[in-house]
Amino acid sequence: MADAVTNHTNRNRLRSFYFFPPMLGFEISRELICVFSVLCVLMSRSVAADEADFMMEEFQKKEFSLAKPYRGLGFSSSSQWDLMGTAMVTPDYVRLTPDLQSRQGAVWSRIPLFLRDWELKVHFKIHGVGKKNFNGDGMAIWLTRDRMQNGPVFGNMNQFTGLGVFIDTYPNADRLHDRSYPYISVMLGNGTLTYDHDRDGRATELGGCTALVRNSIYDTFLLIRYSRNRLKLMVNVDGTQEWKECADISGLHLPTGYFLGASSATGDLSDNHDIISLKLYQLTVQRSAEEEEEEVTIPRVDNINLFQGKNHPISSYLSDKADVIID
């Protein structure tokens with residue numbers, strides 16, 4: 001009887017021996033499959049990111065881009081970019097103006113841009129020792145017919161022809177407190193419009209947003225995208241690595257053959273204004289036959305009244321600013 005009990009117990013142990021290893025193997029296999037799946041997902045994302053970067057590099061137009069170590073910038077005959085005024089090159093940035101009063105500086109491309117669809121990514125830095133609202137004046141990104149012109153609009157000429165994107169760090173219109181500074185805005189010039197510095201360009205502004213870019217602890221970026229007569233402005237200034245919309249303007253027509261540039265100016269107040277990189281990308285888009293045939297000779301906006309309605313901040317200036325209308 002004892003032998004029978006012993007044999008029965010041994011058989012149960014034997015069954016347990018054969019039963020648990022398969023279960024254990026199943027659990028291990030399931031865990032391995034999970035780990036393998038996670039690794040596959042991570043690897044696929046990495047490959048996709050690498051491919052995306054590769055494709056973006058393929059479309060980057062090096063001749064219109066400015067980045068470390070800043071080759072092609074200077075005064076030689078082979079240079080693709082020119083310096084003007086107080087602008088100077090360092091190993092880490094191109095300084096347009098130092099933190100000193102009454103300075104102007106700029107960098108301009110020598111090659112006209114004939115792309116109809118493009119995207120410009122600007123990495124910049126504005127910083128100085130002055131307290132808030134005791135600094136100035138700001139900087140601008142340009143795509144204009146004329147280049148290398150000194151003037152009162154952030155270091156460039158007034159009544160310009162083309163596109164100006166202004167990063168304004170000082171509020172000149174003290175009586176208006178409807179926005180915070182720094183403020184980024186867009187203007188389209190047709191050669192006759194005047195940027196009103198005393199009113200922070202409100203009478204000719206097509207769109208804009210507040211962006212805390214001065215003395216920021218984060219890298220500050222501006223993205224300008226122009227495609228199919230639509231201009232989008234986006235910012236990435238808060239360390240989240242996410243683009244946030246600043247302005248979206250449809251029906252904006254720009255001629256080709258204009259020049260890229262960046263300029264800055266200081267007055268009684270000052271800041272360091274640095275360009276770390278300008279990277280231009282060609283965009284590939286589908287166009288209609290009508291769009292392909294369109295020829296733009298003068299910058300224009302289809303319906304300027306959309307930007308001059310009762311709710312627009314320039315409405316109070318229209319009575320004495322009749323020249324802001326763009327046909």
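## Terms and overall make-up

A residue is called buried when its relative accessible area is under 20%, and exposed when that area is over 50%. The model described here is predicted.

The chain has 327 residues, and 45% of them count as buried. Its secondary structure consists of 2 helices and 16 strands. Of the contacts between residues at least 6 apart in sequence, 70% join residues at least 24 apart. The accessible surface amounts to about 17600 Å², and carbon and sulfur atoms account for 55% of that area.

## Aromatic pairs

The structure contains 9 aromatic pairs. One of them is formed by Phe154 and Phe166, which count as stacked because their planes meet at 20°, with ring centres 5.3 Å apart. Phe154 belongs to the loop between β6 (138-144) and β7 (161-168), whereas Phe166 lies in strand β7, so the pair ties together parts that are 12 residues apart in sequence. Phe154 and Phe166 are both buried.

A tilted pair is formed by Tyr181 and Tyr183, with 6.2 Å from centre to centre and 50° between the planes. Tyr181 and Tyr183 are buried as well.

## Aromatic cluster

Phe154 and Phe166 also belong to one aromatic cluster, together with Trp142, Phe160 and Tyr195.

Terms used
Residues numbered from 1 in each chain as written. Predicted model: local features only at pLDDT ≥ 70, side-chain atom pairs only at ≥ 80, totals over all residues. Heavy atoms only, no water. Helix = DSSP H or I, 4+ residues; strand = E, 2+ residues; numbered from the N terminus. Buried < 20%, exposed > 50% of the residue type's maximum accessible area, 1.4 Å probe, protein only. Contact = heavy atoms within 4.5 Å. Areas by Shrake-Rupley, 256 points an atom, 1.4 Å probe, with all protein chains shown as cover. Phe/Tyr/Trp six-rings, centres within 6.5 Å; stacked < 30°, edge-to-face > 60°.
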